[in-house]
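Welcome! Please take a look at the sequence and the structure shown here, and then read on for a short tour.

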Amino acid sequence: MLDVASLRSQFPALRQRADGRAPVFLDGPGGTQVPQRVVDAMVHYLTTANANVGGAFATARASDRLGAPADPSS
């Protein structure tokens with residue numbers, strides 16, 4: 001059975017309250033809510049690897065690694 005409470009708990013935006021009630025988000029693709037692990041991955045990228053692709057700096061190389069296709073043999 002689907003544990004809705006557990007699923008909702010992974011999305012920071014769904015913890016919000018307006019007048020004591022949980023809001024309903026109907027904005028779909030224009031503003032889809034994301035789970036905490038996506039927020040964490042974005043923060044990690046922005047603080048450690050945010051650079052132009054193909055650059056000479058360590059952050060550029062880190063960005064290249066993060067954007068590289070996954071190796072199907074691993």
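What follows is a walk through the helices, the loops and a few residues.

**Confidence first**

Please keep in mind that this is a predicted model. Across the chain, the pLDDT averages 86, and 99% of the residues score at least 70. Among the elements of the chain, H2 has the highest mean pLDDT, at 92, while H3 has the lowest, at 86.

**Helix H3 and its two sides**

Let us begin with helix H3, which covers residues 58–67. Which residues of H3 are buried? They are Ala60, Ala62 and Ser63. These residues sit on the same side of H3, because they cover an arc of only 160 degrees around the axis. What do the buried residues of H3 pack against? Their partner is H2. Turn to the other side of H3, and you will find Ala58 and Arg65, which are exposed.

Ala60 is found in helix H3 and has a relative accessible area of 2%. A residue counts as buried under 20%, so Ala60 belongs to that class with its 2%. Leaving out residues up to four places away in sequence, Ala60 touches Ala51, Asn52 and Gly55. Ser63 is also part of helix H3, and Ser63 is buried as well, with a relative accessible area of 8%. Apart from its neighbours within four places in sequence, Ser63 is in contact with Tyr45, Ala49 and Ala51.

**The loop between H2 and H3**

Ala51 is placed in the loop between H2 and H3, and its relative accessible area of 23% makes it partly exposed. When residues up to four places away in sequence are not counted, Ala51 touches Tyr45, Thr59, Ala60 and Ser63. Asn50 lies in the loop between H2 and H3 too. Is Asn50 buried or partly exposed? At 47% relative accessibility, Asn50 counts as partly exposed.

How far apart are some of these residues along the chain and in space?

| Pair | Separation along the chain | C-alpha to C-alpha distance |
|---|---|---|
| Asn50 and Ala60 | 10 residues | 7.1 Å |
| Ala51 and Arg61 | 10 residues | 8.4 Å |
| Asn50 and Ala68 | 18 residues | 14 Å |

With 51% relative accessibility, Leu46 counts as exposed, since the class of exposed residues begins over 50%.

**A loop residue with a positive phi**

One last stop is the loop between helix H1 (4–9) and H2, where Asp19 is found. Asp19 is exposed, at 82% relative accessibility. Its phi is near 55 degrees, a positive value in a residue other than glycine. Why point this out? Most residues other than glycine have a negative phi.

**Looking back**

To recap, H3 has a buried side with Ala60, Ala62 and Ser63, and these buried residues pack against H2. Ala51, in the loop between H2 and H3, touches residues including Ala60 and Ser63.

Methods. Residues are numbered from 1 along each chain as its sequence is written. This is a predicted model: local features need pLDDT of at least 70, side-chain atom pairs count only at pLDDT 80 or more; totals for chains, interfaces and linings use all residues. Side-chain values use heavy atoms; hydrogens and water are left out. Buried means under 20% relative accessible area, exposed over 50%, partly exposed in between (1.4 Å probe, protein chains only). Helices (H or I, at least four residues) and strands (E, at least two) are DSSP runs, numbered from the N terminus. The arc is that of the directions from the helix axis to the C-beta atoms. Contact means heavy atoms within 4.5 Å. pLDDT is the predictor's confidence in each residue, from 0 to 100.
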